[in-house]
Amino acid sequence: MATSKKAAAPAKPAAELRVYLTLTDLQRQFSSWMSSPLGARGYVAMQGTHSLLVEIAPGLSIQRVIDLALKAEPSLEPGILAVERQFGVLELHSNDGAALERAGQVILDWMGAKAEDQLRPQLLYSDILEDVTDQHAVLMNRTRQASMVLPGQNLLLMEVAPALFGAHMANEAEKIAPDVTLVECSMIGASGRMYLSGSMASLTMAKNHVEKLLAGIPGR
């Protein structure tokens with residue numbers, strides 16, 4: 001009689017963990033931006049849900065990562081899956097934070113890694129523009145993916161590497177200063193960028209808060 005054989009576990013990869021990030025309580029503007037009909041977007045993430053974001057290299061190995069995560073926790077919803085030039089990026093979300101944590105551990109176990117093996121975020125640029133001109137606003141609004149920046153407003157600009165930390169910047173800035181307007185957020189590529197408009201007091205508070213959070217994230 002033939003004996004059944006248990007399926008072999010996928011071989012561990014020669015992959016680099018670049019970002020392993022959990023976002024709690026997705027904010028209104030950020031969740032709406034992340035769920036907009038743009039490239040790589042999947043299932044809609046709603047305000048108040050939690051999110052797991054992973055970035056690895058080489059990029060194509062993200063397909064194995066999301067396969068393992070969804071088979072381990074089928075209730076999770078994939079919001080982003082992107083394979084770009086060098087890196088692979090995924091976003092999974094759920095109201096169940098424990099399910100996200102379990103799926104994340106499956107990913108880490110397969111990679112033979114710990115969350116703190118990720119790259120430490122590097123803040124590349126941080127500045128606040130005062131009283132944006134009308135010509136400048138027109139140029140920025142031609143390529144925006146979220147809200148418009150209007151002439152005369154103040155604009156917070158921040159850039160970070162790896163790119164996926166751009167999501168962390170946007171969600172946490174909105175938490176601390178919910179009156180600001182999310183004009184743009186990029187989180188895939190060589191670096192992540194965030195544009196926020198609002199009062200100088202709120203933008204300064206958001207800037208200081210995000211800078212402090214990024215400085216405290218462990219990594220190599």
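Select E55 to begin: this residue is buried, with a relative accessible area of 1%. The model on the screen is a predicted one. E55 belongs to strand β2 (residues 50-57) and R18 to strand β1, so the bridge links distant parts of the chain, 37 residues apart. In general, side chains of opposite charge can pair when their charged atoms come close.

Stay with R18 and display F87. R18 lies over the face of the F87 ring, at 3.6 Å from the ring centre.

**Other salt bridges**

How many salt bridges does the structure hold? There are 9. For another of them, select R220 and E16; the closest N and O atoms of this pair are 3.0 Å apart. R220 lies in the segment after α6 (200-215), whereas E16 is in strand β1 (residues 16-23), so the bridge ties together parts that are 204 residues apart in sequence. E16 counts as partly exposed, at 29% relative accessibility.

Next, select R193 and E159, whose side chains meet in a salt bridge of 3.2 Å, N to O. This pair also links distant parts of the chain: R193 is in strand β8 (residues 192-198) and E159 in strand β6 (residues 154-161), 34 residues apart. R193 is partly exposed, with a relative accessible area of 36%.

Then display R64, D67 and K71 together. These residues are linked in a network of salt bridges.

**Helix α2**

Now select helix α2, residues 62-72. Which of its residues are buried? They are I62, V65, I66, L68 and A69. These residues cover an arc of only 160° around the axis, which puts them on the same side of α2.

**A residue in strand β2**

Return to strand β2 and select S51, which is located there. Is S51 buried or exposed? S51 is buried, with a relative accessible area of 0%. Its side chain makes a polar contact with the side chain of E91, at 2.7 Å. Beyond residues up to four places away in sequence, S51 touches several others, including L21, T22, L23, M34 and H93. L26, L92 and L100 are also among the residues that S51 touches.

**A loop residue**

For the last stop, select D131, in the loop between β5 (122-129) and α4 (134-141). D131 is exposed, with a relative accessible area of 53%. Which residues is D131 in contact with, leaving aside its neighbours within four places in sequence? The contacts are G152, Q153 and N154.

Finally, select D67 again together with D131 and view the two C-alpha atoms. They are separated by 47 Å, and the residues are 64 places apart along the chain.

Technical notes: Residues numbered from 1 in each chain as written. Predicted model: local features only at pLDDT ≥ 70, side-chain atom pairs only at ≥ 80, totals over all residues. Heavy atoms only, no water. Lys NZ or Arg CZ within 6 Å of the ring centre and 35° of its normal. Salt bridge = Lys/Arg side-chain N within 4 Å of Asp/Glu carboxyl O. Helix = DSSP H or I, 4+ residues; strand = E, 2+ residues; numbered from the N terminus. Buried < 20%, exposed > 50% of the residue type's maximum accessible area, 1.4 Å probe, protein only. Polar contact = N/O pair within 3.5 Å; in protein donor to acceptor, adjacent residues only side chain to side chain. Contact = heavy atoms within 4.5 Å. Arc of directions from axis to C-beta.
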